[in-house]
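Please read them with the structure open.

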Amino acid sequence: MPNPSYPTADALLHRALQHVEDWEQSWGAFDPHESLGVDPDRLDAAFDDYLGRLEGNYPFHHPRYAGQMLKPPHPVALAAYAAAQRINPNNHALDGGPPTSQMEKEVVIDLADMLGLPDTALGHLTTGGTVANLEALWVARELHPDQALAVAENAHYTHGRMSDVLDMEAVPVSADARGRIDLEALDRTLDQHAIGTVVLTAGTTGLGAVDPIDEAISLCEAHDARVHVDAAYGGFFRLLTEESAPDLPDFPAGRFRAIEDADSVAIDPHKHGLQPYGCGCILFRDPAVGRFYQHDSPYTYFTSDELHLGEISLECSRAGAAAGALWCTLRALPLAPDDGLGPILAACVRAARTWAEAVDDTDALTLVTPPETDIVAYVPAPEEATLSAVHEASQALFDAAMNDPDDPIFTSVYRLSADALTTLRPSLTADRDEAAVLRSVLMKPEHETYAESLVEQLSTFAMDDV
Ligand SMILES: *Cc1c(COP(=O)(O)O)cnc(C)c1O
């Protein structure tokens, strides 16, 4: 039984779409053009086919899906998105969607506040973390055209690719076995190269590891380098560093707190902000960087002298619905440590810890490293094994668990270098350069309840299989 106050998408969607329909009708009824009509049989067939094909998805909504960073939006986000989508405002210019543009400005301040940035920070929503990070790197280049980026090996691959797009030099910085930037290597890089901006990661996509942002920022300050924090995945966890947040011993709070000293931050509401895809955000501490975006548009910007978001965004058309959905979600489920988002994130962290403990408790599975956020890596092998055995067993368990006809469990496979694996698990023997491990992103709070039984079941697959 769902909690009685858990809103069903059906009821909210109906209310949302009915409201917009009434609003549309209030402008006066008119006949849609006949060219927009659809043959009923064809429509029926198209929908049958379409809905059937959607069943080819993995069950992202279900606790048994413990694989990649995927989950459906919250029903509030879904219904709020659908309502605005029916109107289809474009947050490029105020002309294209006055209410959702205003909502975007408000949620950007909310996100800045959660990250500890001043409310004068300049920011806007993007279609995702890729574009948010691209804008941060582009501003880094405009500020320091003759200086390089420093990007750790553990950073998302987008930084390497986008520095190519921007024709910027990106100096690689090594990471430790858990996938956190190596501070000594960073110090050396800052000494030996002209670095304008350093990219740090608050929650890696691979292992959910959190760079020592506090210490790294001190090094960057000493070398006069700017800092961009890629918090696309992990930014929302900063809520858990507040005093009123649920108690989580050993949570890397200091590292998340230090995001407040960054020069720019990318964060993805479509990852831990309960939103459907199409919602990232970039924030800059110094609003003066808005000058780099300056352009004139002969088409838009007529209705108001106030800021049009298109004037500070590289993307032109953007879904007003994405801003509306985030705004409405954060009104219903606030960005608070002890209400709304905070308890959801805390449950995800506890789920990862429960998963890790359950792995430790079974002989069939071995933990790769304790989780720092809500991503767990583990291998279906005894403590002493070769990396070839680990590699094959991981792949085999991934397949077997997913294809079980009665009780499938979906995990994901992640590759770690032999160096990292044997550092984390010295009892493993390196007989190859890298090996597959299993990875579970426990980003649904329900995972807290199901973690133990899912691991137990995985361990029986592992024993059958290996
Ligand atoms: C997901 C992610 C990205 C890429 O963002 P998209 O929203 O997929 O475009 C970049 N960096 C990190 C750390 C991420 O987790």
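1. I begin with Arg425, which sits in the loop joining helix H14 (418–424) to strand S12 (428–429). Bear in mind throughout that this is a predicted model.

2. Which residues does Arg425 touch, leaving aside those up to four places away in sequence? They are Thr366, Leu367, Val368 and Glu383.

3. On the overall layout, the protein is split into domain 1, covering 84–333, and domain 2, covering 341–465. A distance of 30 Å separates the C-alpha centres of the two domains.

4. The domains do meet. Domain 1 puts 29 residues in contact with 24 residues of domain 2. The size of an interface is often expressed as the accessible area lost when the parts come together. Here about 2,200 Å² is buried between domain 1 and domain 2, and carbon and sulfur atoms supply 69% of that area. On the domain 1 side, the residues that lose the most area to domain 2 are Ala177, Arg178 and Leu207; together they account for 27% of what that side buries.

5. Turning to the ligand, 13 residues surround it, and the closest of them are Thr130, Asp230, Asp268, His270 and Lys271. By class, the shell holds eight polar, three charged and two nonpolar residues.

6. Thr130 has a side-chain N or O atom 2.5 Å from an oxygen atom of the ligand. His270 places a polar side-chain atom 2.7 Å from a ligand oxygen atom.

7. How much of the ligand does the protein bury? Taken alone, the ligand exposes 380 Å², and the protein buries 86% of that area.

8. Which elements give two or more residues to the shell around the ligand? They are helix H5 (129–143) and helix H10 (269–272). H5 has the largest share, with three residues.

9. When checking the model on screen, I would display two sets of residues. For the domain interface, show Ala177, Arg178 and Leu207 on the domain 1 side.

Notes: Residues are numbered from 1 along each chain as its sequence is written. This is a predicted model: local features need pLDDT of at least 70, side-chain atom pairs count only at pLDDT 80 or more; totals for chains, interfaces and linings use all residues. Side-chain values use heavy atoms; hydrogens and water are left out. A residue is near a molecule or strand if one of its heavy atoms lies within 4 Å of it. A polar contact is a pair of N or O atoms within 3.5 Å; within protein, one must be able to donate a hydrogen and the other to accept it, and residues adjacent in sequence count only if both atoms are side-chain atoms. Accessible areas come from the Shrake-Rupley method with a 1.4 Å probe; for residues, only the protein chains shown count as cover. Helices (H or I, at least four residues) and strands (E, at least two) are DSSP runs, numbered from the N terminus. Ala, Val, Leu, Ile, Met, Phe, Trp, Tyr, Cys and Pro count as nonpolar, Asp, Glu, Lys and Arg as charged, and the others, Gly among them, as polar. Domain bounds come from an automatic or database domain assignment. Contact means heavy atoms within 4.5 Å. Buried area is the accessible area (1.4 Å probe) that two parts lose on being put together, summed over both.
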